[in-house]
Amino acid sequence: MEEIAKRINDKDIMCMIKLILKIGGKRGIAHGSPLSPLLSNIYLNEIDKMEKAKGMTKEGNVWNMPDDLVILIREYPKRKWLEREVYRRLEEE
């Protein structure tokens, strides 16, 4: 929310975003949600800054890194550990 608030200075819009996030729960925003592109771009801007600090280079306007990430895990009780591990690893970055 702090990163979003740096770009949006409208209390009503911030309230709406909070409500949308609450509906999504702890699992995030659904792909295709109107909020998804905004949150993705904010997140990816932070990744760009992090990679730049690590010394990554750009080729034209493109970083030598993926700009999107999709992780598909079939929902099955025995695979819960995998979901937790992927989430932990993303949090580290």
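1. Glu83 pairs with Lys80 in a salt bridge (a Lys or Arg side-chain nitrogen within 4 Å of an Asp or Glu carboxyl oxygen), with 3.4 Å between the closest N and O atoms. This is a predicted model, in which local features need pLDDT of at least 70 and side-chain atom pairs count only at pLDDT 80 or more, while totals for chains, interfaces and linings use all residues. Residues are numbered from 1 along each chain as its sequence is written, and side-chain values use heavy atoms, leaving out hydrogens and water.

2. Both Glu83 and Lys80 lie in helix H4 (residues 80-92), three residues apart, about one turn of the helix; helices are DSSP runs (H or I, at least four residues), numbered from the N terminus. Glu83 counts as partly exposed because its relative accessibility is 28%, the cut-offs being under 20% relative accessible area for buried, over 50% for exposed and partly exposed in between (1.4 Å probe, protein chains only).

3. Arg88 and Glu85, also three residues apart in helix H4, form a salt bridge with their closest N and O atoms 2.5 Å apart. The count of salt bridges comes to three, and another of them joins the side chains of Lys6 and Glu3 at 3.0 Å, N to O.

4. Beyond neighbours within four places in sequence, Ile8 is in contact (heavy atoms within 4.5 Å) with Ile13, Met14, Ile17 and Leu38.

How values were computed. Helix = DSSP H or I, 4+ residues; strand = E, 2+ residues; numbered from the N terminus.
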